[in-house]
Amino acid sequence: MGTTIVVRGEEWLATLPVHLQLFRAMGWKAPKYAHTAQLMKLDEEGNKRKLSKRKDPELALTFYAQEGYPVPAVLEYLMTLLNSNFEEWRRANPDLPMNDFPFTTKKMSGSGALFDIEKLRDVSKNVISRMTAEQVYGRQSKTQKGSVRLYEVINQLLRENIEKGNILV
């Protein structure tokens, strides 16, 4: 079939045996599966709930561009949600590029991360403070043109680590 890696939310974990049976029945090689914890948000009553692509603008990549968040800031924030030790690494390595961080799916939360717009703002301030004026202007104008490639970067990080054997199944 050609699919080698499937990254999906933990709510799909129960369907894994059926999907593997389908691949076997069709005679296809089954892909590797990685199941991630859900991204949560506090509702109006203060209860945690899963972020919804229908209700929550934060799941649209255009939201960050419209709000003026530079792509590197959003990526840094997402890394704080994806890997429990990223913030500690960033404090110890403030000048290193984010790609030097030893990302692993083994450090991903199993209980679901809580989206926090205030924390995103704080991370953005830190990222922007390390940028030159030209970088800020250049990134902002690119973001406004819609060149946000957030999912591609996250999927690449996950794909690389799945291939290394750090798989959540």
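Which exposed residues does helix 5 carry on the face turned away from its buried side? Keep that question in mind while you colour the chain by confidence, since this is a predicted model. The chain averages a pLDDT of 81, and 80% of the residues score at least 70. Confidence is highest in helix 1 (residues 16-26), with a mean of 95, and lowest in helix 7 (residues 150-163), where the mean is 60. Over residues 143-150 the pLDDT falls below 50, although this stretch has 12 contacts in the model beyond near neighbours in sequence.

**Helix 5**

Select residues 117-129, the 13 residues of helix 5, which reach 18 Å from the first C-alpha to the last, close to the 18 Å expected at 1.5 Å a residue. Now show the side chains of L120, V123, S124 and V127, which are the buried residues of this helix. If you look down the axis of helix 5, its buried residues fall within an arc of 105°, so they line one face of the helix. These buried residues pack against helix 2 (61-67) and helix 3 (71-82). Turn to the face away from the buried side, and you will find the exposed residues K125 and S129, which answer the opening question. At the start of helix 5, select D116, where a side-chain oxygen comes to within 3.0 Å of the backbone nitrogen of E118.

**Q38**

Leaving aside residues up to four places away in sequence, Q38 touches E10, E11, K50, G112 and A113. The side chains of Q38 and E11 are joined by a polar contact of 3.1 Å.

**Aromatic pairs**

Finally, display the aromatic side chains, among which the structure holds 7 aromatic pairs. The rings of F23 and W28 have centres 6.0 Å apart and planes at 65°, so this pair is edge-to-face. F23 is buried, at 10% relative accessible area, whereas W28, at 37%, counts as partly exposed. The rings of F86 and F101 are also edge-to-face, with centres 5.0 Å apart and planes at 90°. F86 lies in helix 4 (residues 86-92) and F101 in the loop between helix 4 and strand 5 (113-114), so the pair ties together parts that are 15 residues apart in sequence. Both F86 and F101 are buried. End the tour at F63, Y64 and Y69, which form one aromatic cluster.

How values were computed
Residues are numbered from 1 along each chain as its sequence is written. Side-chain values use heavy atoms; hydrogens and water are left out. pLDDT is the predictor's confidence in each residue, from 0 to 100. Helices (H or I, at least four residues) and strands (E, at least two) are DSSP runs, numbered from the N terminus. Contact means heavy atoms within 4.5 Å. The expected span of a helix is 1.5 Å times one less than its number of residues. Buried means under 20% relative accessible area, exposed over 50%, partly exposed in between (1.4 Å probe, protein chains only). The arc is that of the directions from the helix axis to the C-beta atoms. A polar contact is a pair of N or O atoms within 3.5 Å; within protein, one must be able to donate a hydrogen and the other to accept it, and residues adjacent in sequence count only if both atoms are side-chain atoms. Rings of Phe, Tyr and Trp (its six-membered ring) pair if their centres lie within 6.5 Å; planes under 30 degrees apart count as stacked, over 60 as edge-to-face and the rest as tilted.
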